[in-house]
Amino acid sequence: MRLLKTVCLLFASGLLLTSCKSEPKKEMAVVDNSSIYIKGTIEAELTSPPFVPAPVGNRTAKKLLIDMEILEKEGTMTDGVQYVYWTFGGSVPGSFIRARVGDEIEFTLSNHPDNKLPHNIDMHAVTGPGGGATSSFVAPGHKKTFSFKALNPGLFVYHCATAPVGMHIANGMYGLILIEPEGGLPKVDKEYYIMQGDFYTKGATDEKGLQAFDMTKAIKEDADYVVFNGKVGALTGDNAITANVGETVRLFVGNGGPNLTSSFHVIGEIFDKVHIEGGSMINENVQTTSIPSGGAAIVEFKVEVPGTFIIVDHAIFRAFNKGALGMLKVTGEENKKLYSGVKQEGIYHPEGGTIQTMPNNDKKKVAVSNVEKPLAKKIADGKQLYMTTCFACHQAEGQGIPNAFPPLAKSDYLNADVKRAVGIVLNGKTGEITVNGNKYNSVMTKQTLSEEEVADVLTYVYNSWGNNKTNVSVNTVKEVKSSH
Amino acid sequence: MKTILRLTICLFLLNATYTSCQSKMVQIKGGEYLPLYGRDSLNVKIKDFLIDVYPATNREYVDFVKKYPKWQKSKVIKLFADESYLRAWKSDTILGENQKEKSPITQVSWFAAKEYCECQGKRLPTVDEWEYVAMANKTIPDARREEAYNQFILSWYEKPKTFNQTIGSTFKNYWNVYDLHGLVWEWTIDFNSVLVSGESRKDVDTDNNLFCGSAAVNATDLMNYAAFMRYAIRGSLKAKYTMKNLGFRCVKDIKK
């Protein structure tokens with residue numbers, strides 16, 4: 001045995017030496033992985049999403065024992081909507097498997113006795129008939145074992161392939177197996193497991209109760225839910241994945257389908273590296289990567305600034321209407337150089353509205369402040385102002401909007417105190433008030449009107465809709481303004 | 001020779017003492033039907049036969065193993081039943097605590113079910129016979145295209161632990177037969193003749209007439225996925241297997 005190892009070592013170092021000397025040749029990459037020597041036996045660590053087992057690193061190839069149980073069980077698709085999932089290892093997607101190239105994987109599939117149906121597993125990492133499906137077809141209350149040599153590195157989908165195959169996949173029977181290359185993947189700070197799937201229910205999207213699978217919709221590819229990790233909200237709020245500023249994040253992303261291709265995207269991040277289709281080719285600086293159903297991708301990026309980064313299928317109605325939405329919460333120091341946050345906030349009125357500033361305001365003010373306009377003119381000018389500034393909230397006839405904006409017509413609150421009314425127009429108003437017996441609790445913003453304009457608009461209001469016909473003078477407005 | 005002798009004794013005993021225990025049977029009028037795996041030219045002919053109204057029950061099976069101790073769980077030959085055989089039973093002749101006498105017997109192998117029927121002068125139904133009777137809903141003999149009927153079957157597939165229910169708790173179909181859908185899967189005599197190899201996508205090549213696959217381009221009714229699942233479960237079985245969800249009922253030929 002030792003002799004064999006020595007020979008291997010010699011051979012390997014020979015290869016290394018030659019590769020150093022000669023030009024890097026493409027052929028060097030073509031190693032016969034089927035002859036990788038295995039040493040020892042270990043049990044695989046299996047994790048449920050969004051977590052992944054510890055990296056394989058540079059351990060030697062081994063016989064890797066995997067024990068996976070199939071469970072048919074009821075779960076929550078979204079609040080109030082239940083669904084009977086068929087699972088590998090109790091979760092959708094199924095448990096994450098991590099191995100290395102050259103491992104001899106001995107896989108045992110156990111079908112729980114309470115289950116109704118036979119199942120099997122087709123692992124895309126398998127080189128062999130049916131990806132193992134032929135050898136793993138197992139009735140409830142039974143188990144089957146088969147083994148395979150991991151010949152190709154990459155991120156691979158596994159799924160059930162029992163008739164009707166589409167239905168088994170649509171009910172959640174899929175997951176990922178990672179075969180690490182010789183020496184392992186480069187080290188990163190955080191790794192997560194995300195897998196998209198589309199679901200088809202008898203009821204419409206969000207229809208409450210226990211929902212059955214709908215074959216007709218599945219055939220039409222008319223999904224009611226498109227989600228990450230088996231349900232709406234599996235990766236949002238408290239379930240969000242996390243990282244700290246400055247860390248590198250690696251996502252193992254799969255797509256179980258059964259039907260829809262994912263346009264995988266993280267809003268506010270650019271993928272530094274993408275292992276295209278989960279294979280060895282690496283693309284860089286990618287915004288959105290396409291993941292076919294039954295396919296996968298490894299995406300890597302560094303998080304530079306804090307905040308919540310939204311993970312979506314950029315076929316965007318799926319994200320906001322069917323559930324394909326997750327969150328990556330990044331905490332740490334802000335970096336204003338990289339991202340400023342809001343620098344300035346302002347109002348933009350392309351359609352007009354009130355004039356914000358008047359270059360020749362002073363002159364005009366002097367001109368009008370001495371002479372009080374006739375009442376009719378005031379009302380006419382006030383009406384114009386009202387229609388551009390106040391109309392949206394208080395409505396054309398001053399009737400307001402129930403429970404939101406108080407009425408101005410026949411308003412006891414308005415008629416009771418002119419100075420208070422002027423003050424509100426000048427300074428805005430928040431908090432609860434009672435108008436004609438009804439309580440209102442909303443916000444009126446401060447109006448950017450000149451003193452004359454305030455007088456005009458209030459005079460119009462007081463002389464309309466059954467109010468007390470007060471003529472608000474510019475002097476009153478001035479008085480209120482200075483008293484404030 | 002021995003078997004024949006034993007069978008004769010079986011039949012004798014049966015006639016003498018078992019008539020009262022025998023479950024009620026009804027007559028099915030034979031006919032032609034197109035099975036899931038068939039094509040237009042492959043209509044299957046079904047002769048008239050009798051079928052048990054209910055699946056065999058725990059109570060009936062207790063009586064059976066008392067009479068035929070070789071089928072008791074401690075005595076059964078391992079070749080004829082796997083280690084889950086009657087697993088829930090407390091002892092060789094006593095049911096488990098949560099088991100009801102009127103629930104269908106499950107966790108029995110094909111060998112056991114076959115012999116149970118034979119000892120009553122009956123036999124297990126063929127897949128075609130079973131499917132022929134089971135395609136009837138309450139009112140019509142062939143309801144395979146009725147949406148509500150398919151819905152009922154499928155909703156059962158999603159209901160856990162229905163094997164705890166008692167016989168007669170589902171519906172009486174057109175032929176006055178109960179519980180074909182909604183309680184347990186049932187053994188058939190030729191359960192494995194429609195090949196589901198486990199790799200259902202390649203079964204198209206295995207046998208052009210008898211297959212059941214997902215990419216089932218030859219299947220007569222692609223929407224009848226409830227039936228696909230029945231063929232799948234049958235395909236996953238071996239004769240010594242026993243399952244919590246799998247029972248049986250017997251049929252009998254009509255002598256002309």
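Hi everyone, let me start with confidence: chain B averages a pLDDT of 82, and 77% of its residues score at least 70; pLDDT is the predictor's confidence in each residue, from 0 to 100. This is a predicted model, where local features need pLDDT of at least 70 and side-chain atom pairs count only at pLDDT 80 or more, while totals for chains, interfaces and linings use all residues. Residues are numbered from 1 along each chain as its sequence is written, chains are lettered from A and ligands numbered from 1 in the order in which they are written, and side-chain values use heavy atoms, with hydrogens and water left out. The model scores ipTM 0.74 and pTM 0.70.

Now to chain A. An unreviewed UniProt entry lists six positions as "binding site", among them His168(A) and His314(A).

His168(A) sits in helix α3, residues 165-170; helices are DSSP runs of H or I, at least four residues, and strands are runs of E, at least two, numbered from the N terminus. Is His168(A) buried or exposed? Its relative accessibility is 1%, so His168(A) counts as buried (buried is under 20% relative accessible area, exposed over 50%, partly exposed in between, with a 1.4 Å probe and protein chains only). Its side chain makes a polar contact with the side chain of His119(A), at 3.1 Å (a pair of N or O atoms within 3.5 Å; within protein, one must be able to donate a hydrogen and the other to accept it, and residues adjacent in sequence count only if both atoms are side-chain atoms).

His314(A) is in the loop between β20 (307-313) and α5 (316-321), and is partly exposed at 41%. Beyond four places in sequence, His314(A) is in contact (heavy atoms within 4.5 Å) with Ser263(A), His265(A) and Thr288(A).

Definitions and conventions:
UniProt positions renumbered as here; feature names shortened; annotations may be inferred.
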